[in-house]
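I opened my notebook to look at how side chains hold on to one another in this chain.

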Amino acid sequence: VQELLHRFPGVDYYFFADVDTIVFRDSLAALTHLLEHEVLKKDEDLYTGQDLDLSRQGLAKFIMSGGGVLVRGLSLRKLLAHGALKSCIEAMSGPWCHHHLDWAFGECLATANVQARGHWAFQQKSCIGYLSAHLVACHPVKNRSLQEEMLQNRSDCLSRERPTLGRGWAMG
């Protein structure tokens, strides 16, 4: 994260995904456009994807990275501004040493008061609805040729379904 912020310091959004996640970039672009222009306030944080609430187990609610994680640039930059990123990196060798990376990322963002927001367009364990433009990312598809085939099969979804991708969809 530190290197990402250094190499791309001023971007509006950062997207993280596993290698076996299919990202439907046209839907992702439509989502970020709606978020930026119709949904979020200028200074509003965003950390979204398919969420899991483990607060009863003492962890912050977090986004499962397999289905993709979308973070607003200003939200991620808060980690640097408040010195939280350094503390989070240190915690990875201490109290968070047994955390999965997505758990630790959620904990880290929570230290900067950035809370996870669930969004159903990011699917951690299924690609069943991949032919819908409403889906931004899905996981897992380990076979690269199958990923390419799925992307090809879905190529005209956005043009067909654009009218249904509105503010309500963008809010999750």
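**Ground rules.** I am working with a predicted model, where local features need pLDDT of at least 70, side-chain atom pairs count only at pLDDT 80 or more, and totals for chains, interfaces and linings use all residues. Residues are numbered from 1 along each chain as its sequence is written, and side-chain values use heavy atoms, with hydrogens and water left out.

**Rings.** I looked up the aromatic pairs and found four. My term covers rings of Phe, Tyr and Trp (its six-membered ring) with centres within 6.5 Å; planes under 30 degrees apart are stacked, over 60 edge-to-face, and the rest tilted. Y47 and F105 make an edge-to-face pair, with 5.8 Å between centres and 90° between planes. This pair links distant parts of the chain, 58 residues apart: Y47 sits in strand 3 (residues 47–49) and F105 in helix 5 (residues 101–111). I take helices (H or I, at least four residues) and strands (E, at least two) as DSSP runs, numbered from the N terminus. Both Y47 and F105 are buried. Here buried means under 20% relative accessible area, exposed over 50%, and partly exposed in between (1.4 Å probe, protein chains only). Ring pairs also bring F16 into a cluster with Y47 and F105.

**R154.** Which ring does the charged end of R154 sit over? I found it over F24, 3.9 Å from the ring centre. The cut-offs are NZ of Lys or CZ of Arg within 6 Å of the ring centre and within 35 degrees of the ring normal. R154 also forms a salt bridge with D26, with the closest N and O atoms 3.2 Å apart. D26 is in helix 2 (residues 25–39) and R154 in the loop between helix 6 (144–153) and helix 7, so the bridge ties together parts 128 residues apart in sequence. R154 counts as buried because its relative accessibility is 2%, while D26 is partly exposed at 27%.

The structure holds ten salt bridges, each a side-chain nitrogen of Lys or Arg within 4 Å of a carboxyl oxygen of Asp or Glu. D51 and K61 meet in one of them, at 3.1 Å from N to O. R160 bridges to D156 at 3.2 Å, and a network of salt bridges links D156, R160 and E161.

**E161.** Is E161 buried or exposed? I noted it as buried, because its relative accessibility is 15%. E161 belongs to helix 7 (residues 157–161). Beyond its neighbours within four places in sequence, E161 is in contact (heavy atoms within 4.5 Å) with L131, S132, A133 and H134.
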